[in-house]
Amino acid sequence: MKKYLINPNLRWCKANLHCHTNHSDGYFTPEEIKKYYKAKGYQIVAYTDHELLFDNSYLCDKDFVALTSTEYSLNSDTQKTIHLNLFSKDPHNTFHIATGPKNIREYHVSKYAPNKIKYDGYNRTLTKESVQETIDRANKAGFLVQFNHPNWSLNTRDDYIDLKGLWSLEILNYMTEIETGAEYCINIYDDMLRHGHKLVCTMGDDNHNYHGGFEGSFGGFNYIGVNKLTYSEVFKAMKDGNIYASNGPIIKSLYVDTKEMKVFVECSSAVNIILVGYMRRFMHVCGKNLVKADFNIDKDEPYFRITVKDKNGRVAHTRAYYLKEYQG
Ligand SMILES: [Zn+2]
Ligand SMILES: [Zn+2]
């Protein structure tokens, strides 16, 4: 029996899950972002303005979903920080959980009447308890929570390894990769998986488009598999893990033959296809123009994930798939 993990019969939509507009410190309006990303073949953008949940769902149409989202900062008096993206299940939800007066930024005061921003009064800060409390409140209110750009935030393992309730780790933040040259962190994803986290991995632009330019745009994206391109379908696909991260390659299909216990990958032209397991179980194939590969599955391994690399060094990464998901 074929058990699809990336099902080619779904519609795989291109998504930027990290984006700033002029509602916070980005340059473009939400409408301009929609226009420019649609022109580049995107169907989904999460509008993640800093500390601000804005209902952008009026931008949704039959070819585009605008996710109501925000990026929360948890700060201390040092430069270290934690940034979390929150993706709302309800497109019209603009109630700011885990937000107190101390979390309101100056540009919010200048652009919006601060008393119009509805919040629960909890001032989040950079303590372990407060980070966990923020994630808990977010999950309770129906958000998916993503841990962003750990390198730029000066994070160490201690900052994320024991957190509960994360939906995703941002393994590539395109803007902070440009700024730091060190934001690609699939190794952190592996460390979290081996520590027992069950989460997906994503890439995001974190575009601010300063001065109207496109630096930071179109460099880190995801493909989300849906039956129909609607807000609720997109959110459900994200929650269910019908998503993979890429900055180039496309994974056309991924399935397990449950009788043979073999996994089959079909992809765009690649030079390296890799299976990564729980312990030192790395399997790979190399070639000039690979479009498929298959690997045996070890039943003693709790999960595997797949990496596809093209000749330009661009990569696609799946999430980890667990034995109980694909066993016959
Ligand atoms: Zn950030
Ligand atoms: Zn950001």
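Domain bounds, as used here, come from an automatic or database domain assignment. That assignment divides the protein chain into domain 1 (10–246) and domain 2 (251–326). The model is predicted, so local features need pLDDT of at least 70 and side-chain atom pairs count only at pLDDT 80 or more, while totals for chains, interfaces and linings use all residues. Residues are numbered from 1 along each chain as its sequence is written, and chains are lettered from A and ligands numbered from 1 in the order in which they are written.

Select the two domains to begin. Their centres, taken over C-alpha atoms, are separated by 27 Å. The contact (C-beta atoms, placed from the backbone, within 7 Å) takes 11 residues from domain 1 and 9 residues from domain 2. On the domain 1 side, α6 (186–194), β8 and β10 (243–246) each supply at least two residues. The largest share, 4 residues, comes from α6.

A residue is buried if 20 or more other C-beta atoms lie within 10 Å of its own. Strands pair if DSSP finds at least two bridges between them. β7 pairs in the parallel sense with strand β6 (residues 143–147) over 2 bridges and with strand β8 (residues 200–204) over 5 bridges. Phe147 stands opposite Leu169, and Ser168 has Val200 as its bridge partner.

Finally, select helix α1 (residues 30–39), whose buried residues are Pro30, Ile33, Lys34 and Tyr37.

Terms used: Buried ≥ 20, exposed ≤ 12 C-beta atoms within 10 Å, placed from the backbone. Contact = placed C-beta atoms within 7 Å.
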